[in-house]
Amino acid sequence: MFKAVLMPGANELEKIAAEIVTCVKCPLHKNRANAVPGEGNPRAEVMLIGEAPGAEEDKQGRPFVGAAGRLLNEALEKAGFSREEVFITNIVKCRPPRNRVPTEDERRACLPYLHRQLEVIKPKIICLLGRTPLETLIGPYSISKMRGRTIEKDGWLFFLTYHPAAAIYNPSLKEQFLKDIQKLRELIHRDERRRGSSLDEFL
Ligand code: URA
Ligand code: SF4
C-alpha cells in the first residue's frame, strides 16, 4: 500500500503535539480554547522560542499569528528566512489568563515538551525571544545585555533577542530586533557552533 513519505521527525513531533493538545499537567489547560504546540520544519536549523500563546494563538492553535507574529514574520522575511524553514514554539503551550507571564510551576510542567521537541529537531541554533525564554532556559540575565549574542549551554547554541511584542511600539527596539534576526541568518551560514560566548561574561 501507498505510504506517505514524511520528513524524518515529523511523526515524533505529531506525537508530542497530540500529547500537548490533551495535556492537563498545569492549570493553564483550564482556560485554553486551543493548545499551541508549535509548528514548522521538523529538520529546522533554527528554532525560535517565545513566551506563551496570546489570544489569537489560543483561537487558532498556531504560534505567533497575532500582532507580534506579524512583526516576527516581517523580521524573518527581511532576513531571508521563510516561516516554513524554521520551527516556532513557546515556553508554555497554553495561554495564560490575560497574557500574564507563565509561573515557574507552569513552565516546569510544560518544559519536557519543549525538550522533546528540541531532541527531535536538533536545531543548530535556538533563538530566544525576550525575557521569559531567556530566564527559563539560561538564567536571570538581562535581555538588553544579551541581545544579539550567542550563548552555549547544555550542549545547545542559543541566540538572544527581544520579544517582538516589546518591539512593536518601540522603533529603536524594532530596529535592533530586525538587525538581530538578520544576524541570526548570518550565524546559520557561518558555523559558529563553537564560538558562543561563555555565560561567565555576563555574571
Ligand atoms: N507571544 C508569544 O510569546 N508567543 C506567541 O505565540 C504569540 C505571542
Ligand atoms: Fe500542559 Fe503545558 Fe498546557 Fe500546562 S501549558 S496544560 S503543561 S501543555
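In which sense do strand 4 and strand 6 pair, and over how many bridges? The two strands pair in the parallel sense, over 4 bridges. Two strands count as paired if DSSP finds at least two bridges between them. The model is predicted: local features need pLDDT of at least 70, side-chain atom pairs count only at pLDDT 80 or more, and totals for chains, interfaces and linings use all residues. Residues are numbered from 1 along each chain as its sequence is written, with chains lettered from A and ligands numbered from 1 in the order in which they are written.

Helices (H or I, at least four residues) and strands (E, at least two) are DSSP runs, numbered from the N terminus. An open sheet is formed by 6 strands in the order 1-3-2-4-6-5, with mixed pairing. Strand 1 (39–40) and strand 5 (150–153) stand at the edges. Each has a single partner strand, so one side of each lacks a neighbour in the sheet.

The pairings can be followed across this order. Strand 1 and strand 3 are antiparallel and share 2 bridges. Glu39 has Ile88 in strand 3 as its bridge partner. Strand 2 and strand 3 pair in the parallel sense, over 4 bridges. Here Gly50 is bridged to Asn90 in strand 3. Strand 2 (residues 46–50) is also joined to strand 4 (residues 125–129) by 4 bridges, and these two run parallel. Leu48 has Cys127 in strand 4 as its bridge partner.

Strand 5 and strand 6 run antiparallel and are joined by 4 bridges. Glu152 stands opposite Leu157 in strand 6. Lys153 stands opposite Trp156, also in strand 6. The two strands form a hairpin with 2 residues between them. Asp154, in the turn, has a positive phi of about 50 degrees.

Strand 3 is covered on both faces. Phe87 and Thr89 lie on one side, Ile88 and Asn90 on the other, and all are buried. A residue is buried if 20 or more other C-beta atoms lie within 10 Å of its own, exposed if 12 or fewer, and partly exposed in between, with C-beta atoms placed from the backbone.

The loops on either side of strand 3 were examined next. Ser82 sits in the loop between helix 3 (67–79) and strand 3 (87–90). Ser82 is exposed because it has 11 other C-beta atoms within 10 Å. Its C-alpha atom is separated by 27 Å from that of Pro112, 30 residues apart along the chain. The loop between strand 3 and helix 4 contains Arg98 and Asn99. Arg98 has a positive phi, near 50 degrees, and is a residue other than glycine. Asn99 is not a glycine either, yet its phi is positive at about 60 degrees. Arg98 has 7 other C-beta atoms within 10 Å and is therefore exposed. Asn99 has 14 C-beta neighbours inside 10 Å, so it counts as partly exposed.

Helix packing was then considered. Helix 1 (residues 10–21) and helix 4 (residues 104–121) pack at an angle of about 170 degrees, with their axes 10 Å apart. Axes are lines fitted to C-alpha atoms, for helices over the stretch in contact, and angles run from 0 to 180 degrees between N-to-C directions. Helix 1 and helix 4 are therefore roughly antiparallel to each other, a term for angles over 145 degrees. Glu12, Leu13, Ile16 and Ile20 in helix 1 meet Tyr113, Arg116, Gln117 and Val120 in helix 4. Contact requires C-beta atoms, placed from the backbone, within 7 Å. By class, this contact has 5 nonpolar, 1 polar and 2 charged residues. Ala, Val, Leu, Ile, Met, Phe, Trp, Tyr, Cys and Pro count as nonpolar, Asp, Glu, Lys and Arg as charged, and the others, Gly among them, as polar.

Two ligand shells complete the description. A residue is near a molecule if its C-beta atom, placed from the backbone, lies within 6 Å of it. Ligand 1 is surrounded by 13 residues, the closest being Gly50, Glu51, Gly54, Pro63 and Ala68. This shell divides into 6 nonpolar, 5 polar and 2 charged residues. Around ligand 2 there are 14 residues, with Cys23, Cys26, His29, Cys94 and Cys110 the closest. Helix 4 gives the most to the shell of ligand 2, with 3 residues. By class, the shell around ligand 2 has 10 nonpolar, 1 polar and 3 charged residues.

Terms used
Angles under 35 degrees count as roughly parallel, over 145 as roughly antiparallel, 65 to 115 as roughly perpendicular and the rest as oblique. Two residues are in contact if their C-beta atoms, placed from the backbone, lie within 7 Å.
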